[in-house]
Amino acid sequence: AMLVQDIPDERVAEVGERLAGENGVTLCYQRPRVLPQWPYNLFCMIHGQARAEVEAKIAALRRRLQLDDFAHATLFSLTRFKQNGAHYA
């Protein structure tokens, strides 16, 4: 799942580093908001076997890092494509 969050700009580096150091977070990066359609600026990839498991991980993570006051959404993939790594010509 991709956890997307709206973190205040002055805190995004600190929150991003804390999230990146958490078990279960395999990717964490900042992107610019695209207002008004997309208010999120911090993205985290969190893997799990079942949707409920991932939702529980996200809830615990947000609670532990005191992120409950920040808007967020969880995006789940519908299709998984095999990753083969980089190919060089």
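In this predicted model, one aromatic cluster brings together Tyr29, Trp38, Tyr40 and Phe43. The count of aromatic pairs comes to three. Take tryptophan 38 and tyrosine 40: their ring centres are 4.9 Å apart and their planes meet at 80°, so this pair is edge-to-face. Tryptophan 38 is partly exposed, at 29% relative accessible area, while tyrosine 40, at 13%, counts as buried.

Next up is helix H1, which runs over residues 12–20. Its buried residues are Val12, Val15, Gly16 and Leu19. These cover an arc of only 100° around the axis, so they end up on the same side of H1. Exposed Ala13 and Glu17 sit on the face of H1 turned away from the buried side. As for what covers the buried residues, the list includes strands E1 (2–5), E2 (25–30) and E3 (42–46), along with helix H2 (51–64).

Then there are the cysteines. The structure holds zero disulfides. For cysteine 28, the nearest cysteine sulfur is that of cysteine 44, 3.3 Å away; that is too far for a bond, since a disulfide needs the sulfur atoms within 2.5 Å. Cysteine 28 is partly exposed at 21% relative accessibility, whereas cysteine 44 is buried at 0%.

Terms used
Residues are numbered from 1 along each chain as its sequence is written. This is a predicted model: local features need pLDDT of at least 70, side-chain atom pairs count only at pLDDT 80 or more; totals for chains, interfaces and linings use all residues. Side-chain values use heavy atoms; hydrogens and water are left out. Buried means under 20% relative accessible area, exposed over 50%, partly exposed in between (1.4 Å probe, protein chains only). Helices (H or I, at least four residues) and strands (E, at least two) are DSSP runs, numbered from the N terminus. The arc is that of the directions from the helix axis to the C-beta atoms. Contact means heavy atoms within 4.5 Å. Rings of Phe, Tyr and Trp (its six-membered ring) pair if their centres lie within 6.5 Å; planes under 30 degrees apart count as stacked, over 60 as edge-to-face and the rest as tilted.
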